Amino acid sequence: MKHQTPVSTGHKFVDTGFIIILAIAFISATLVWIQKGQNVFWTILVENIQFGLALLPKIICGVFLACVIPLMLPREKVQRWIGPESGFRGLWAAALAGIAIPGGPSVTLPLAGGLMIAGADLAAGITMVTAWALLSVNRTLIWEMSFLPPHLVLLRVGMTFAVPVMLGWMVRRLQLGQERAP
Amino acid sequence: MSILIGSVLLWAASLTIARKLWIEDREVLREALRRMVSTSVFIIPRVAVGLIGSGFLAELLPQDNIAMLFGKEAGYMGVMLASLFGPLTPGGPFVAFAIGAAALKAGASEAALIGYVTSWSLLCLNRDLVYELPVLGARFMRLRWLLALPVPFIIGALAMLLT
């Protein structure tokens, strides 16, 4: 399978999400100009441009890491490790794969589906999708770190790190219960 | 200051990997850099617009209301309310994080922000109806949603204790 770029290049440069934030920015800026006056408008604009410039090196680093990690990852091994008999080790492998998957939902969810057809169980699938949703390296490094204070990002990642494996484990317990039920 | 620490850590990791690849496999390094450029072209305009927009939005948000609804004084109710808004947020990650950053600037508590980001990432309604339901099926989505539903409320409560 071909390596995916962190942000699928099939994405349009201007898409719905970009239009939404452009609209929010434009409307908010206009309202600030009208309600609070020109001075406040320029202060906020300059402040945020300075902040953005300070962030820029971090963003570029995050993008580099997000691009280089999947190139160095042994994909075939990851897939071999997520079998239904894989126990906790398999669930952790599924979680780590989910964290490392560099794509958006259009890449990740079909990949999880494909892995489940190829032999991963429902628990591994749910673990992988949950890990990607909660902890995706790509999104955390590029987006979350860019917008939110790093100590909060670290706290959130630390608190949710075990959640994907816990959900997968619960799925396996539920399935066991169903098999035992008369 | 925290930006500086984050930058230093990220640069250290990047330079270590880049040096390793420069010695071992320049082809991979070249490919990574090529992807870095094309990805940056996609991302930097979004972060820029998101940052500036969230700056203006924070100025407009009624600070008293945000602080009242999601601030420290709102306690766990604020965390719960913030967690309920997560799945309803439309658009990509920059929309959710820009909203979160704006609310934080306007006085929302850190625990409420963590509840919001957790519920948005776990249970994004827009994303799951568009991708998860058709690709992985109703059983998968139902089971995952059911199991994940309590998580933001628990994480938000933990965050209240830790922040």
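Lys20(B) touches Met72(A) and Asp25(B), when residues up to four places away in sequence are not counted; contact here means heavy atoms within 4.5 Å. Lys20(B) lies in helix H1 of chain B, which covers residues 2–24. Helices (H or I, at least four residues) and strands (E, at least two) are DSSP runs, numbered from the N terminus. With a relative accessible area of 39%, Lys20(B) is partly exposed. The terms are set as follows: buried means under 20% relative accessible area, exposed over 50%, and partly exposed in between, with a 1.4 Å probe and protein chains only.

The structure is a predicted model, in which local features need pLDDT of at least 70 and side-chain atom pairs count only at pLDDT 80 or more, while totals for chains, interfaces and linings use all residues. Residues are numbered from 1 along each chain as its sequence is written, chains are lettered from A and ligands numbered from 1 in the order in which they are written, and side-chain values use heavy atoms, with hydrogens and water left out.

The two chains may be described in turn. Chain A has 9 helices and 0 strands, and from the N terminus on its elements run α-α-α-α-α-α-α-α-α. Of its 182 residues, 51% count as buried. Among contacts in chain A between residues at least 6 apart in sequence, 75% join residues at least 24 apart. The accessible surface of chain A is about 8700 Å², and 68% of that surface belongs to carbon and sulfur atoms. Such areas come from the Shrake-Rupley method with a 1.4 Å probe; for residues, only the protein chains shown count as cover.

Chain B contains 8 helices and 0 strands, in the pattern α-α-α-α-α-α-α-α along the sequence. Buried residues account for 51% of the 163 residues in chain B. For chain B, 69% of the contacts between residues at least 6 apart in sequence join residues at least 24 apart. Its accessible surface comes to about 7800 Å², with 73% belonging to carbon and sulfur atoms.

The interior is considered next. A nonpolar core is a set of buried Ala, Val, Leu, Ile, Met, Phe, Trp, Tyr and Cys residues joined through side-chain atoms within 4.5 Å. The largest such core has 95 residues, of which Ile82(A), Met128(A), Trp143(A), Phe147(A), Leu148(A) and Ile43(B) touch the most other members. Its largest share, 11 residues, comes from helix H6 (residues 122–135) of chain A. This core also draws at least three residues from each of domain 1 (1–60) and domain 2 (62–163) of chain B, the bounds being those of an automatic or database domain assignment. A second, separate core has 6 residues, including Ala29(A), Val32(A), Phe41(A) and Ile44(A).

Leu148(A) shows how one member of the largest core is placed. This residue is found in the loop between helix H7 (137–147) and helix H8 (150–160) of chain A. Leu148(A) is buried, with a relative accessible area of 5%. Leaving aside neighbours within four places in sequence, Leu148(A) is in contact with Val153(A) and, in chain B, with Phe97(B), Gly100(B), Ala101(B), Leu113(B) and Val117(B).

In chain B, helix H8 (residues 151–162) has 12 residues and reaches 16 Å from its first C-alpha to its last, close to the 16 Å expected at 1.5 Å a residue; the expected span is 1.5 Å times one less than the number of residues. Val151(B), Pro152(B), Ile155(B), Gly156(B) and Ala159(B) are buried in H8(B). Seen down the axis of H8(B), these buried residues fall within an arc of 125 degrees, so they line one face of the helix. The arc is that of the directions from the helix axis to the C-beta atoms. The face turned away from the buried side of H8(B) carries the exposed residues Ile154(B) and Leu161(B).

Met77(B) belongs to helix H4 (residues 75–85) of chain B. At 60% relative accessibility, Met77(B) counts as exposed. Its C-alpha atom and that of Ala112(B), 35 residues apart along the chain, are separated by 9.1 Å.
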